[in-house]
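Please work through the exercises below with the sequence and the model side by side, and try each task before reading its solution.

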Amino acid sequence: MTDAPPTFCHWEVQPRSIRLSAGEFEQRIPLSLRGDVDAPVFATSNPEVAEIGPDGVIRCGWTIGNAVLMVWRSSARDSLRHVLLEVRDPSWFADHPDFASGATVFLSGMVVNALNTSGVGNALIEFRRSETGPTAFQTFANAYGGFELSVPEGFYYIEVTAPGYIAWHGWVNADPNTSGDIQIVLSPELDGQVARIVLQWGLNPRDLDSHLTGPTPSGGRFHVFYSHTIENEAAELDVDDTSSYGPETITIHRLIPGVYRYAVHDYTNRNANPSTGLAQSGASVKVFLSDGREQTFNVPNAPGTVWTVFEIDGAAGTVTAVNAMSYQSQPANVGM
């Protein structure tokens with residue numbers, strides 16, 4: 001049958017097309033039938049996207065996709081109408097010109113190597129409105145790792161990729177009232193190493209330090225930080241930054257049974273108590289594991305000069321968040 005009404009009846013169904021945003025909860029949309037209708041019959045072309053019951057109520061919204069809903073005038077199926085339904089990712093509405101609003105924000109930044117802070121050329125930077133949504137905007141870094149683009153204001157989930165590097169993911173707020181370059185730190189792929197830990201923060205405090213302590217085969221504990229950058233065959237401090245932003249990077253080469261503990265020390269304010277400099281630093285830590293797992297930790301909003309971030313079980317390789325703040329003036333005692 002076609003959508004052309006037969007000569008013996010006049011009837012209609014509304015709405016004839018539906019476009020809505022996917023969400024966490026089911027949405028229900030009743031169809032309205034008018035005219036010469038007698039015991040209508042309903043069906044859907046794609047029940048994974050949209051269901052329709054004998055009452056003519058559409059149930060949808062949990063799965064992104066398209067469906068065609070068929071409505072027959074009667075049980076004899078002598079006349080047919082179609083309803084087109086689209087369930088879109090929320091980012092589609094945010095990026096569509098008909099729904100766009102707000103100012104345009106100019107963004108610039110650098111993509112750098114976590115091991116030496118050199119620029120990563122030709123990295124692909126993709127902006128999405130949600131973690132699973134389609135790419136709304138994208139650009140490539142130049143040969144030196146720099147990039148620029150303009151986007152409508154709002155929050156964006158960014159994915160940055162380059163051959164030979166672990167993909168970077170994170171949220172960025174494109175706000176016309178704020179300025180400053182975006183620094184994206186890419187970790188080279190792990191090649192025999194167990195894990196890599198990358199610390200980043202804001203302008204202040206100027207000097208945050210990474211500390212990793214762990215077991216030694218003799219039963220003691222090692223301590224990798226700026227005064228002891230390499231522990232033979234165990235771990236090393238690849239980058240030490242003393243002038244804001246980071247990165248500070250530690251690579252773990254092997255694990256043995258025991259507890260490995262990673263902490264961040266506010267060296268700038270080490271002698272202050274109380275101190276909220278670390279809490280207000282915007283510090284974040286990413287840990288990349290050889291099996292592909294990745295975790296991100298953000299500094300708690302609590303006073304202290306030491307942020308104990310996480311521990312690793314050397315036997316099982318599991319990472320457990322600690323996220324505890326404390327005070328310590330002596331760098332050699334951090335994490336011990």
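**Exercise 1.** How much area do domain 2 and domain 3 bury between them, and what percentage of it is on carbon and sulfur atoms?

*Solution.* Before starting, note that this is a predicted model, in which local features need pLDDT of at least 70 and side-chain atom pairs count only at pLDDT 80 or more, while totals for chains, interfaces and linings use all residues. Residues are numbered from 1 along each chain as its sequence is written, and side-chain values use heavy atoms, with hydrogens and water left out.

Step 1: locate the parts, since the domain assignment, which is automatic or taken from a database, places domain 2 at 104-184 and domain 3 at 190-333.

Step 2: read off the area, where buried area is the accessible area (1.4 Å probe) that two parts lose on being put together, summed over both; domain 2 and domain 3 bury about 910 Å² between them, and 57% of this is on carbon and sulfur atoms.

Step 3: ask who contributes, and you find that Leu115, Ile166 and Gln183 supply 52% of the area that domain 2 buries against domain 3, more than any other three residues.

**Exercise 2.** Which strands hold Arg128 and Glu159, and how many residues apart in sequence are the parts that this pair ties together?

Step 1: assign the strands, which are DSSP runs (E, at least two residues) numbered from the N terminus: Arg128 lies in strand β11 (residues 124-128) and Glu159 in strand β14 (residues 154-161), so the pair ties together parts that are 31 residues apart in sequence.

Step 2: check the surroundings, using buried for under 20% relative accessible area, exposed for over 50% and partly exposed in between (1.4 Å probe, protein chains only); Arg128 is buried at 13%, and Glu159 is buried at 17%.

**Exercise 3.** Where is Val264 found, and is Val264 buried or exposed?

*Solution.* Step 1: Val264 is found in strand β23, which spans residues 259-266.

Step 1: the relative accessible area of Val264 is 0%, so Val264 counts as buried.

Step 2: list its neighbours by contact (heavy atoms within 4.5 Å); leaving out residues up to four places away in sequence, Val264 touches several residues, including Leu199, Leu278 and Trp307.

How values were computed
Helices (H or I, at least four residues) and strands (E, at least two) are DSSP runs, numbered from the N terminus.
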